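Subject: Model handover

Hi,

Here is the model for your files. My notes on what turned up follow below it.

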Amino acid sequence: RLGKPEHHHVADAQELYAYVQKAFGMDAEEHSVIMQQVKELESPIFCLKATVKEAKGILGKDVSGFSDPYCLLGIEAKSQEPAHPDHKKRMKAVVKDLIPEDQIHRTQVISQTLSPVWDETFILEFEDVETASFHLDMWDSDVVESVRHKLGELTDLHGLKRIFKDARKDKGQDDFLGNVVLRLKDLHCWDDQWYQLEPRTETYPSSGKLWLLLLCLVSFQRATTSSRTQPSYTVHRHLLQQLVSYEILQHQAGSIAWDGELSRHASTVLYLHATQKDLSDFHQVMAQWLAYSKLYQSLEFNSNCLLHQITSIEYQWVQERLRPEQKAELAESFQSLLTYGVSLVRRYRIIFPLSVSRSTERLQSLLRVLVQMCKMKAFRELCTLSPDLPQMVSTALKSGTTEWFHMKKQHLKPMVKSMEENGKALSRLLLEVIEDLQQCQKIWNKFFINTLKLNLFSIAYLELESLVAEHVQEQLREVDSSMSKPTAESLFQLYMNLQELYRMKDFLPKRDGPLALSNFHQWFKEAVPQWLQKTYTIALERAQRAIQMDQLTPFGEHNKHSTSTVDLSTCYAQIVKTWQQLNWPDPEEAFMIMVKLVEDMCKIALMYCRLIKERAEALSLSEQNEGEAANRTHLPQLCIVVNNIKQLRLLILKLPSQLDWAQLEQRTGAIIDRQQIQHTLHNQLDSTVSCLDHEVRDVVQALATKLEKGIARHIQELSSSNDTREPEDSIIPLMKFLESELQYLNEHLVQENFKRHNTLAVLSAAAGQQVPSAQCYKKLQCALKSLELCFHAEGCGLPLETLHTAAFLSLDTHLALCSATSRKLIQKYFSNRIQQQLDTSSEKYGAVTIKALYRPSEQKLRVEVLNAVNLIPLDSNG
């Protein structure tokens, strides 16, 4: 340990001993033995390597204002005590006075300059670093010259003074320009800086600055085993490799990736060894490259560590600085790392898995190292067969992709050999392939393009697509035409995965010729009928279960249909999805598939209508049996049935757009006539819609029939009632009934179906029956007028021209006529009864009393008579 420690190094020698002991895996006893062996060796010869580079701003001692500087330097064995403060004017001792002449070194004389440049190196031996000092004096060389020559150089008054001064001193005596005195123990092991030239006395003017490069090192004459057998460069590389290996293993033990930073202990040891062995920066970098590149092939660490050495070698490369064996060693390291790096790239899926953090950075760093290494002047000069790196990597990627595919295929191979299990295994294999290609396209590709101009996705896709096509065809050859349902189901997922894989061809930059998967759909033609039947069966069974579970109550607050329509919508959506998933390329076959799907959906629609009506009837009977039947004249479930069928009708009408019939017509335009498409698809759909409309009308008619019965019952009660209230009061029960029923229908029927319900027609049919009295006709006419006012709602409801239909006017006229006729019949009847009473001279009905019937003032009697008349039955003519 020589010199003053650097601030970032370890200063304690015992601490360094302990570190080296661990790094070499020694126990305390072995370490102690080796330490004793070292102490018994020949003592080393200490040297100071001093490079005198240049100076600036020195004093000008010649007549010309310049100097002819040179330096004297050497090592004083024992440092002098510092001068006492009282002796400020004491002259400093110079090198000639302190150091024996045979140990003094001298630089060249640089003529006529104030900024001399020497760049000379000297080796100065010393024994004890604690007591020795380095001395350097700078002098102006004084050569005897003629007065004539000096006068020729005279430039100013100062020069003239210089001539007189020189005349007084001894001829040939050099002038002192300044000195530098440094204690060796205060120097760093390696130092490179400017030092101030000190004057000889305190009153002497400043003498400028000197730039020195100082190196403390150990002589190569030390008798160690390694120094006798191997050069320092090789020893340093082995030491570096040992310490780096230890550092990497220490980090791996803690599951932390090593980033290339050495510990302070390792840095200190390597720094001391390289400096004391006088290794140049170039040789240090070479040693680092050889050590790191070899370790990279056996231990895990970031390849970024290699980039620094590559850059340094490229910057400092001079082939002649290496011996032949060093050149061979360096060339071998290049080839070895290139081979190893390409092998890592070939297995990048395993070596750099995305599940491990920083994998992308590590692969990118490796690619950069390989590219930069192949660009090096050292690589091109030493490696005679310079490889085509992109071609090497491309070949490696192809072979690596094939190896990975076969490995995955073997790993996913089913234990039980059956077509169903083989189909599932193929599907899982394709999922692995698709995921790998997605990673290539989204993550890895940019690294290969940026560094090597290679499209990784294109390489991997073309290789995997061919392998997949070959493997799938081989497996499908074992499937016969009468395949089982499980086999067909497993093939559908395989077909879907192949389709997704084939679609990824769109990411290829360019391709020549068809792909191996171009017509893969033809491999599955025999399975398509079973796929379609499976789709139909699943949808049919789900719809049936939905009807069985349906309670025929509105689904949600704002819906008027029930839950089964939601499930039916999902069934249809699944069939539409199946069509989209198939995406059958052959247009004629695609048309036949469409015909089958539409036929199946129409069958499900008609089946739904039948089962939902049966479900409504079953729920109605169940409520009646449980005594929960309401006083309504219709079943609430019928309203839901109407709305459900209406919702189904909307679903059917959406099919052309959902199945994209327009696009299918374009695809089949050249092979199928448009009239055939119209006849096959559109007519089938229109027929189904007509059936649904018929079902809606039937259910609405059933609701109307039940409502008609309720209206007839209320009219019968109205006509048989004996109350004498005004018509407005008498029709209140009928109006409440109508209000309740119509409100219920309005709330539970969709608007279009509610409009189908002709309340006026029901009221007209009930009014066409025989009515016993004019009063009843008046009540009915009042009811009709009330309905008119209700529906018109002072202009906010239906307009009068809409209300005043032919049925409305006919009914209004009929009721008015019936009222008038009834009054005449009643009057005639009264006349006949009165005449009969007069003829029998009945005491009960006197002439005055009967005549009073027609006097408005006798209201009470009139009411009694009319009430009596109302009890008289009418004949068949009213």
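First, a term: buried means under 20% relative accessible area, exposed means over 50%, and partly exposed lies in between (1.4 Å probe, protein chains only). This is a predicted model, in which local features need pLDDT of at least 70 and side-chain atom pairs count only at pLDDT 80 or more, while totals for chains, interfaces and linings use all residues. Residues are numbered from 1 along each chain as its sequence is written, and side-chain values use heavy atoms, with hydrogens and water left out.

Overall picture

The chain has 878 residues, and 44% of them are buried. It holds 33 helices and eight strands. Those are DSSP runs, numbered from the N terminus: H or I over at least four residues for helices, E over at least two for strands. Take the contacts (heavy atoms within 4.5 Å). Among those with a separation of 6 or more, 79% join residues 24 or more positions apart.

Cysteines

There are zero disulfides, defined as pairs of cysteine sulfur atoms within 2.5 Å. Cys609 has the sulfur of Cys691 as its nearest cysteine sulfur, 8.4 Å away. Cys609 is buried, because its relative accessibility is 1%. Cys639 is buried too, at 0%.

Strands

β5 (residues 133-140) and β6 run antiparallel and pair over eight bridges. Pairing takes at least two DSSP bridges between two strands. Asp175 in β6 is the bridge partner of Asp140. Strand β6 covers residues 175-183, and seven of its nine residues are buried, so the rest of the structure largely encloses it.

Positive phi

Most residues other than glycine have a negative phi. Two residues are worth a look here. Arg358 has a phi near 65 degrees. It sits in the loop between α12 (348-351) and α13 (359-375). Arg358 is partly exposed at 42% relative accessible area. Leu552 has a phi of about 55 degrees. Its loop runs between α19 (528-549) and α20 (563-582). Leu552 counts as buried, because its relative accessibility is 5%.

Salt bridges

The structure has 19 salt bridges. The criterion is a side-chain nitrogen of Lys or Arg within 4 Å of a carboxyl oxygen of Asp or Glu.

- Asp192 and Lys53 meet at 3.6 Å, N to O. Asp192 is in β7 (residues 190-196) and Lys53 in β1 (residues 46-56), so the pair ties together parts 139 residues apart in sequence. Asp192 is partly exposed at 29%, whereas Lys53 is buried at 19%.
- Glu489 and Lys534 meet at 3.0 Å, N to O. This pair links α18 (residues 485-503) to α19 across 45 residues. Glu489 is partly exposed at 38%, and Lys534 is partly exposed at 37%.
- Lys613 and Glu695 meet at 2.5 Å, N to O. Lys613 lies in α21 (residues 587-625) and Glu695 in α24 (residues 674-719), so parts 82 residues apart in sequence are tied together. Lys613 is partly exposed at 30%, whereas Glu695 is buried at 18%.

Best wishes
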